[in-house]
Amino acid sequence: MTGDRRLKLGGFAVVLVIALALPFLFGAYQVGQFTLVLCYAIAVLGLNLLVGYGGLISLGHGAFFALGAYTSAILIDKADVAPLATVPVAAAVCFAAGLLLGLPALRIRGLYLALVTLAVAIAVPQLIKRFDALTGGTQGLNVPRPTTPSWVPLADDQFLYFLTLAFAIVMFVLAANLVRGRIGRALAAMRESEAAAKATGVNLARLKTGAFAVSALYAGVGGSLYVFSIGFVAPESFTLTISFAFLAAVVVGGLGTIGGAIFGALFIEFVPVYASDVNEALAGVIYGAVLIAFMFALRDGVMGLLRQIAQALTTKEGRDERETAVRLAGGDRRRGAAPSGGMRA
Amino acid sequence: MIVAAVLLLAAGCGRDEGGEKSPGITKTEIKLGGSYPFSGPASAYKSIADGAKAYFDLVNSKGGVNGRKIKFVTLDDAYEPPRAVQNARRLVEEEKVFALFNTLGTPNNLAIWDYTNQKKVPQAFVATGASDWGADPDKHPWTIGWQPDYVTEARTYADYLKENKPNAKVAVLYQNDGFGKNLLGGFEKAIGGSGIKVVAKESYEVTDPTIASQISKLAASGADTFLNVTTPKFSAQAIAAIAKSDWKPLHILNNVGASKTLVLTPAGLDNAKGIISTTYFKDPEDPKWANDGAMREYKATLKRFSPRSNPNDPFHVYGWGAARTMVTALKNMKEPTREAFMDAARHLDETPPILLPGIEVKTGDGDGYPIEAMQIQRFNGQRWELQGKVVSAEH
Amino acid sequence: MERLIQTLVDGVATGSLYGALALAVVLIFRTSGIVNFAQGEMAMFSTFAAWGLLEAGLPVGLAILATLGLSLLGGMVIERVLMRPFEGGDHLTLAIVTLGLFILVNSGAGWIWGFENRSFPSIFPDDTIGVGGVDVPLESVGIVVLLLAVVGVLYLFFQRTKLGLALRAVSVNPESSRLSGISVGRTLMVGWGIAALVGALAGALIAPRLFLDVNFMGGVLIYSFAAATLGGFDSPLGAIVGGWIIGVTEDLATTYVDFIGSDLKILVPLVIILVVLLVRPAGLFGTREVTRV
């Protein structure tokens, strides 16, 4: 499918160019917003690996995000560790925690698993408060933001943006390689049918705990970078809201896609702000309604939409080829798909 | 090639944070910024913003402050610290406000105070009773509170007990966060060395559905006094639960939970009879102030600029009062700069008529707490009645 | 000893509240096989509707009955409009839809009625009877009796009526049911309607104690999920009993186990959910799930 691959690489290049240009086109406030989008995107990418590729529902992603954020915050605040050095530590801590959460996943499935993760997410603010000697409790921790080194001709917000972007690119490339390889296929197999996957030799236990661990690692990196951006952590920052937001972002962006994480992150960062600008009381109504609307109209998320557009724009041959393949495979799974124009003999 | 282009751009476009004299203030306008929870679980507090806006509208209708009209830009943060941080940045960097005013919530203010102090933007008269704002003028000179903090409030209760029930056995219900712990800590310190003893303590989380079991345990402790350090929803639950039980302690209810609209009416006015609390501003429902100039002005203005607001909601009065102090500081500043404003804010000496007689707003070198006095009030089954005299509890 | 019994009584009283909402959760599960994350908010919305009727002057009993009827209709509409397009779909989409519904209903209620606290009258008398030094509120007794009655009615409904049979058939195997002539869509609608009705009832039972505000069901939800998990997701009786066990455990744990205290109370439902799902996923009263390969 080289046409598809070229499309993907082309898309990636376009996004990269835009991403590199952004800090010079906008003011400090918006650049800060985009930096947050990158942090969220990394976390959402991790969740997509778990949910989109692996088919395991987690409502507790915010817990790992919080864990990563607090790990960095505590190390910087209490142990004077250099901010950059805290990122791998946060990643490692979250990886271990993810393995832990992966264990119940071995025996609990589907919406029951979602329930367990929900309970974990709800417990997080409490646990943060309980260990307040370390976490600062409800007072939270103020963490100084990294400043630009003197030899770099960038403003603080721009520097932080590029730093975060660098991490994001690395994480995205790693994820793309992961899903394209053996593990990606194993995840897809597991998502379709666990029994079948097992029959073909997939070690489900290792795959599941691994999936949780890796997704947690991603959340941890995102959380760590988030602390540099916001400069403050408190229990109120990590309520159920953020776990819901990550899940929404996965779906809005497109389940089982790598690029979807960006769009999902843009959604959860900008929609609440703009909804508030429109009508403060209705912000939640708009958010919930948009979410449901996406489920109705854009089941494959923004990436699905982009893919449809790209396919429609590419050669007629390529388009017809695809339609025939789909019809042969037994019809389009998507509900309400319009009948393909022009029957082929 | 892309890399080269980026480097070129970078070399030319590092941002120049050029200094304007003080943004947000012109000959005709002063721009203020506020971050409030207009949505989410804490949105009952948005009445504060409405009260403040009404006061600013009044001042503008009279020509403004030294000829400058006040523009108050408010943003929603849903009580989430990261949104408060982003709002602060947006207000300072995009809206270019002169000062941040009355940001609500302890965690939200803690989230932004390093930023505001680094940028040298006033973070004035924040809407929380935490002691932090007055206690740290060296590291955070640009931040200042307004209302009597929880420690002052706790001392007022302690003084009341020392005078009326010197051997009280106190059971405490407190919210397990900065607010609850701050007040409880202040109380325990204030009763040190007296005959008053805390015999039982129970905490709760805002995520708890009910506090019935905590009340049950406190009731069984044998205490004869109950210190209720809760937010409105749980204050109402506590009052109702005690009314149903056999326990009839002297009930001390903290100021945040003392709203008749939000707490006493749902809990049952009869059940609330005899409850003690504190206040520092005039109660719109107290017939004592029916003909009071300040109260009439407040009610008339609210009706004029915010006709759908309920004038009896004490949060409106709170916003009104804070806005008044803001305007005073703006009036007093010697130059139209942020530095001059903070200087004025840190050297206040006024007696806003909406506050109880005898309570003043005073700051100075070494005193970063604008209001440090309160008065005990008692609920008579219909409304709050002031008791005794204004009690001053300076730090 | 008295203290212990009082703790047990308190626990059962609180647990009944969890169980009431858990009942609605279980009914949705029995109908559509999903966990409805928006259940609490739907119940909250219904309770506000009841409050609105009360404000308009209706007497308590009438207001609540009217609300039950409205909720029945409301649940049916939600199934038809929102859930029908996704029936049989993957769990994740369903989870997102109910999540979106959660946010929508919560904010919508806030927009309509505001975020302040209100009181809600109880349908039971206010007195407390003292049984040997232990305080037993009549309201709690009333709630327990009412819930058990509802469970009984539901049992009869599922076992003895045609509609109940249809619901059971549809939840087990929609395809076969359709082939047997059952209108699957209509049956699902009724299922959701009944669940919404029970949710409204739960709201009316819970609101007097917790006070009515837009977020009052938020805290209850996770406890109700825990109760449903413990009791078995397809067992109405299990939901109630599960609620009692959780209420009592929580009370005992916070009173007698120092490490937990009041601030880690939230760990109780978490641990219970985890343990039950690991050890006996069907819960106490649920039917065991058999996966055919």
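Of the 345 residues that make up chain A, 52% count as buried. The structure is a predicted model, and the values reported here are computed from it. Chain A contains 15 helices and 2 strands. Along the principal axes, the C-alpha atoms of chain A fill a box of roughly 70 × 50 × 45 Å. The radius of gyration of chain A is 21 Å, which agrees with the value near 20 Å that a compact globule of 345 residues would have. Among the contacts in chain A with a separation of 6 or more, 76% are accounted for by residues 24 or more positions apart.

Within chain A, helix 4 (residues 83-105) packs against helix 10 (residues 204-230). The axes of these two helices come within 6 Å and cross at roughly 145°. The crossing of helix 4 of chain A with helix 10 of chain A is right-handed. By class, the residues of this contact divide into 20 nonpolar, 8 polar and 1 charged.

In chain B, 4 strands form an open sheet in the order 2-1-3-4, with parallel pairing. Strand 2 (69-76) and strand 4 (123-124) of chain B are the edge strands, each pairing on one side only. Strand 1 (residues 29-36) of chain B runs parallel to strand 3 (residues 99-101) of chain B, and 2 bridges join them. Within chain B, L32(B) stands opposite A99(B), the latter in strand 3.

Chain B is also in contact with chain C. At this interface, 30 residues of chain C are in contact with 31 residues of chain B. On the side of chain C that touches chain B, the elements that give two or more residues are helix 1 (2-32), helix 4 (91-113), strand 2 (134-137), helix 8 (184-210), helix 9 (216-231) and helix 10 (236-256) of chain C. The largest share of this side, 4 residues, comes from helix 1 of chain C. The residues of the side of chain C that touches chain B divide into 7 nonpolar, 12 polar and 11 charged.

Helix 9 of chain C, one of the elements that touch chain B, also packs against helix 2 (residues 39-55) of chain C, at an angle of about 140° and with the axes 9 Å apart. The crossing of helix 2 of chain C and helix 9 of chain C is right-handed. From helix 2 of chain C, the residues G40(C), E41(C), A43(C) and M44(C) meet F216(C), M217(C), G218(C), V220(C) and L221(C) in helix 9 of chain C. This contact has 6 nonpolar, 2 polar and 1 charged residues.

A further position in chain C, L68(C), lies in helix 3 (residues 60-83) of chain C. L68(C) has 18 other C-beta atoms within 10 Å and is therefore partly exposed, as a residue counts as buried if 20 or more such atoms lie within that distance and as exposed if 12 or fewer do. Apart from its neighbours within four places in sequence, L68(C) is in contact with L197(C), A200(C) and L201(C). L68(C) and A226(C) are 158 residues apart in sequence, and their C-alpha atoms are 25 Å apart in space.

Key: Residues numbered from 1 in each chain as written. Chains lettered and ligands numbered in written order. Predicted model: local features only at pLDDT ≥ 70, side-chain atom pairs only at ≥ 80, totals over all residues. Axes fitted to C-alpha atoms, helices over the stretch in contact; angles between N-to-C directions. Left-handed = near helix turned anticlockwise from the far one by under 90°. Nonpolar A, V, L, I, M, F, W, Y, C, P; charged D, E, K, R; others polar. Contact = placed C-beta atoms within 7 Å. Rg over C-alpha atoms; globule rule 2.2 N^0.38 Å. Pairing = 2+ DSSP bridges.
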